[in-house]
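Opening the notebook on a new model today.

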Amino acid sequence: MSWETWSFAFNVTVPNLLMMLLGILLRHWRLMDDRFVDGATRLVFNLALPCLLFFSIATNHPQLLGNLPLVLFGAVGTLATFLLLELAARWLVKEPRERGVFVQGGFRANTAIVGLAYAMTAYGSEGIALASLYLTVTVILFNILSVITLTRSLQGGQGNKISHLSLLRSIVTNPLIIGLVCGLLYAQTGLGIPTVIRQTGSYISALSLPLALLCTGASLDFRAMFRSSNVAALSSAAKLFLVPCLMTLAGWLCGFQGAALGIIFLFSATPTASGSYVMTRAMGGNATLAANIIAITTVGSFFTTALGIYFLRSWGAI
């Protein structure tokens, strides 16, 4: 395997690993504690990450018709993998309150940050153009479906019947979904963003990834990572192997080739989004399990992404 392939995965993946390692060290040195992590998580969830999603979409001005087949494939594929994992969770996860974390960890990809980095590194401006609306639609679905599965598992695990109105309220009041929808609507106006607002937004947005990764690292529990239920291992296996293989094979069967198929693979091969930890903690789920899934998939995606690129390039698919 060529060094360029390994270098590509290395340059995108390792900075995330180092940030989580720093979070572990800061927790060990007592510079971060549960109170700090809770406050920082709320800041990321309610302000920094919605701001990042808004500005990343509002400034791209994506065009729907040009990317419609790829966008539709991303939407259908995301929904299909979500439903598949929802069914699997009933059989594989004994604790009902952990089923939503399992499902979210298996299907929710870090497309907003790592996916865009992959696309830009692999295909440059063409990759960004192809990825913009695919990113928008899939990330909106990631957040809506994550709210649904977490709400169902957390409320259902307590024996409560879930109100459809309550579920709808959870979706429409989710800060990440609000940021995405507002960004998409603003992008369609074609208006620019004043320099002062854009610069202020970039400052706030820049907090999201490093702060989320630090909190993720500080929340890791290595003793619980592979406990008896193996929920983290099962969810990570789905994210690293099952979902990328199914999405890429389906994309190839649907006739996608070259950069389009490469975007499908790279976006599905990204590790579990750090936002999944933020949402799980904010909604009262098992945040340690969510952090462990992020850590495993971040390490594992370095190898699976490089291997996938190598084989797809060797077969002339991308």
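These are my entries, in the order I looked things up.

**Entry 1: what I am looking at**

I am working from a predicted model, and I kept local features to residues with pLDDT of at least 70.

**Entry 2: the largest pocket**

I started with the largest pocket, which holds about 350 Å³ of space. Which residues sit nearest its centre? I found Cys245, Thr248, Phe265, Leu312 and Trp315 there, out of 18 lining residues. At least two lining residues come from each of α11 (231-253), α12 (258-269) and α14 (287-314). The top contributor is α11, with 7 residues. I then sorted the lining by class and got 14 nonpolar, 4 polar and no charged residues.

**Entry 3: cavities**

I counted 4 cavities of 30 Å³ or more. The largest cavity comes out at about 170 Å³. It has 19 lining residues, and those closest to the centre are Leu49, Arg108, Ala112, Ala273 and Gly275. Two or more lining residues come from each of α2, α5, α9 (208-218) and α13. I noted α5 as the biggest supplier to this lining, with 6 residues. How many charged residues are in the lining of the largest cavity? I found 1, next to 12 nonpolar and 6 polar residues.

The second largest cavity has about 80 Å³. Its lining includes Thr78, Thr81, Tyr134, Thr138, Met247 and Phe267. Here the helices giving two or more residues are α3, α5, α11 and α12. Once again I wrote down α5 as the main supplier, this time with 4 residues.

**Entry 4: helix α4**

How buried is α4? I went through its 12 residues (96-107) and 9 of them are buried, so the helix is largely enclosed by the rest of the structure. The buried ones are Glu98, Gly100, Val101, Phe102, Val103, Gln104, Gly105, Gly106 and Phe107. I also spotted Phe107 in the lining of the second largest cavity.

**Entry 5: salt bridges**

A reminder to myself: side chains of opposite charge can pair when their charged atoms come close. I found 3 salt bridges in the structure.

- Arg27 pairs with Asp34, with the closest N and O atoms 3.1 Å apart. Arg27 is partly exposed at 31% relative accessibility, and Asp34 is partly exposed at 44%.
- Asp38 pairs with Arg281, and here the closest N and O atoms are 2.6 Å apart. Asp38 is in helix α2 and Arg281 in helix α13 (residues 274-282), so this pair ties together parts that are 243 residues apart in sequence. I have both as partly exposed, Asp38 at 30% and Arg281 at 22%.
- Glu86 pairs with Arg152, with 2.5 Å between the closest N and O atoms. This one links distant parts of the chain, from helix α3 (residues 68-92) to helix α5 (residues 111-156), 66 residues apart.

Is Glu86 buried or exposed? It has a relative accessible area of 14%, and the cut-off for buried is under 20%, so Glu86 counts as buried.

For context, most residues other than glycine have a negative phi. Arg30 lies in the loop between α1 and α2, and I have it as exposed, at 77% relative accessibility.

Leu31 is in that loop too, between α1 (3-28) and α2 (34-58). I looked up its accessibility and got 59%, which means exposed.

**Entry 6: a nonpolar patch**

Leu31 also turned up in a nonpolar surface patch, along with Leu18, Leu21, Leu22, Leu25 and Trp29. Together these residues have about 580 Å² of accessible area. I jotted down a helix rule beside this entry: an α-helix has 3.6 residues a turn, so residues three or four places apart point the same way.

Notes
Residues are numbered from 1 along each chain as its sequence is written. Side-chain values use heavy atoms; hydrogens and water are left out. On a 1 Å grid over the protein atoms alone, a cavity is a set of points where a 1.4 Å probe fits but cannot get out, and a pocket is an open set with protein on both sides within 12 Å along at least five of seven lines; lining residues have an atom within 4 Å of a point. Grid points are joined across faces, edges and corners, and a volume is the space filled by probe spheres set on the points. Ala, Val, Leu, Ile, Met, Phe, Trp, Tyr, Cys and Pro count as nonpolar, Asp, Glu, Lys and Arg as charged, and the others, Gly among them, as polar. Buried means under 20% relative accessible area, exposed over 50%, partly exposed in between (1.4 Å probe, protein chains only). Patches are made of residues with over 30% relative accessible area and no salt bridge: like charges are joined within 9 Å, nonpolar side chains (Val, Leu, Ile, Met, Phe, Trp, Tyr) within 5 Å. Accessible areas come from the Shrake-Rupley method with a 1.4 Å probe; for residues, only the protein chains shown count as cover. A salt bridge is a side-chain nitrogen of Lys or Arg within 4 Å of a carboxyl oxygen of Asp or Glu.
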